[in-house]
Amino acid sequence: MSASAPQHTPILDLAAQLAGYRDEALAAITRVVDSQQLILGPEVDALEAELAAAVGARGAVGLSSGTDALLVALMALDVGPGDEVIVPAMSFFATAGAVSRLGATPVFVDIDPRTFNMTEEGARAALTPRTKAIIPVHLFGQTADLGALYEEPRAARPALIEDAAQAIGSVWRGRPSGTLGDVCCTSFFPSKNLGCFGDGGAVYGDDVALLDKIRVLRMHGSKPKYHHLLVGGNFRLDALQAAVLRVKLPLLEGWAAARRANAAWYVERLQARGLVGQDLRGERLTLPLTLPHHTHVFNQFVLRTPARDALKAHLERAGIGTMIYYPSPLHTQPCFAPLGYREGDFPEAERACREVLAIPVYPELTEAQREGVLAALCGFFEGEGRA
Ligand SMILES: Cc1ncc(COP(=O)(O)O)c(C=O)c1O
């Protein structure tokens, strides 16, 4: 196959998903356009109530993005200069960026190589008297297992801000993400499990007073209008995005189940082919691990192999879209150089960044597409791709 083969299985196919709810989304958009109530208002109020019910939290606040959700959650917890916030060394930039933007210090910790997530031991080892908060990131769709930290009373631990941008609907030991810490941040970026038609995000959780403070902060800290109790920002969600999200929300659970089924399909067949966890001419294929008592929502299906770049090229030649989340860890990003971290500080995050590759797992994948991905993977690991 030529290097310029068209992709017949992209990493994500939002157009295929749209086909399932297009008419309702357009009707919802028309409703908002006709109302000319374009920012916050009844659509956002309704979304917040429906979202809280769907994720099993007491409340939700619609916001302008997942990044702003993190920022405003940290603001609501009064995080600022002199404070430390523990974050994983492997995440999307926003997790650590939000901390720095408030003048606080991100304190990185290494990940569990099997789940890509921060661990309880890692978080505890990084605690200091200055630790104001911990941000467990539920990377790729699986809740970070912070064990007993999720059970401790608020007075006995720093604030816990869940980053569920990739994990809305994930479950940890029977408890939904969003109810494990003090507040949970999510993103409605189009590629997320619940994506809108642009940028959007939300916080949700059980601490109603904290959610109320975030509601005030998203309107420049004003309550009532033009009376500014706090210095906030413009973190509002558009009514158009809320209306689209209200159409998509009832479909979310079915989509997550389809993602899980696709993931299980890959795992079962790759294991049956004997390709997993063995040395294959020095190239080992490792599949994502779902921990016991966790419900993974597979925003991404991320496999790992030291031959990642060759595998990526091979899959591209076969018309299969892939992505690298993430090519480098956070502690070695140039903007964090003043923090003094070095290559080698977090070997698991660094190695993961060299080995990870996300393959298509979206709910609308057809049987033929899954078979195509499987055949290309088997072709690579059984020899053909490395000629
Ligand atoms: C783990 C994580 N945190 C935060 C964000 C930020 O969300 P947004 O892109 O909506 O600002 C993302 C989105 O990519 C993410 O994956």
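## Burial and the model

A residue is called buried when its relative accessible area is under 20%, exposed when that area is over 50%, and partly exposed in between, for a 1.4 Å probe and with protein chains only. At 25% relative accessibility, R175 counts as partly exposed.

The model is predicted: local features need pLDDT of at least 70, and side-chain atom pairs count only at pLDDT 80 or more, while totals for chains, interfaces and linings use all residues. Residues are numbered from 1 along each chain as its sequence is written, and side-chain values use heavy atoms, with hydrogens and water left out.

## Strands

Helices (H or I, at least four residues) and strands (E, at least two) are DSSP runs, numbered from the N terminus. Two strands pair if DSSP finds at least two bridges between them. Strands β7, β6 and β10 form an open sheet of three strands in the order β7-β6-β10, with antiparallel pairing. The edge strands are β7 (175-176) and β10 (294-295), each of which pairs on one side only. Strand β6 (residues 171-172) is joined to β7 by two bridges in the antiparallel sense. W172 has R175 of β7 as its bridge partner.

Strand β11 (residues 301-304) is paired with strand β12 (residues 356-359), again in the antiparallel sense, over four bridges. F301 has I359 of β12 as its bridge partner. The side chains of β11 go two ways: F301 and L303 point one way, V302 and R304 the other way, and all are buried.

The buried residues of α9 are L252, W255, A256, R259, N262, A263, W265, Y266 and L270. They pack against α1 (14-18), α8 (239-248), β11, β12 and α12 (367-381), where contact means heavy atoms within 4.5 Å. In helix α11 (residues 347-355), the residues A349, E350, A352, C353 and E355 are buried. Their cover includes β11, β12 and α10 (308-317).

## Salt bridges

A salt bridge is a side-chain nitrogen of Lys or Arg within 4 Å of a carboxyl oxygen of Asp or Glu. By this rule the count comes to 23 salt bridges. One of them joins E50 and R246, with the closest N and O atoms 2.8 Å apart. E50 lies in helix α3 and R246 in helix α8, so the pair ties together parts that are 196 residues apart in sequence. E50 is partly exposed, with a relative accessible area of 31%, and R246 is partly exposed too, at 25%.

E151 forms a salt bridge with R175, the closest N and O atoms being 3.6 Å apart. E151 lies in the loop between β4 (131-134) and β5 (159-163) and R175 in strand β7, so this pair ties together parts that are 24 residues apart in sequence. E151 counts as exposed, at 52% relative accessibility.

R215 forms a salt bridge with D212, at 3.2 Å between the closest N and O atoms. R215 and D212 both lie in helix α7 (residues 208-217), three residues apart, about one turn of the helix. R215 has a relative accessible area of 28% and is partly exposed; D212, at 37%, is partly exposed as well. Salt bridges that share partners join R31, E43, E50 and R246 into one network.

## Two loop residues and a helix residue

L38 is found in the loop between α2 (22-35) and α3 (42-55). L38 is partly exposed, with a relative accessible area of 36%. D45 is found in helix α3 and counts as partly exposed at 48% relative accessibility. The C-alpha atoms of D45 and G62, 17 residues apart along the chain, are separated by 8.3 Å.

Is N117 buried or exposed? N117 counts as buried, at 3% relative accessibility. N117 has its place in the loop between β3 (105-109) and α6 (120-125). Leaving aside neighbours within four places in sequence, N117 is in contact with I111, D112, V137, H138, L139, Q142, T143 and A144. The C-alpha atoms of N117 and G221, 104 residues apart along the chain, are separated by 33 Å.
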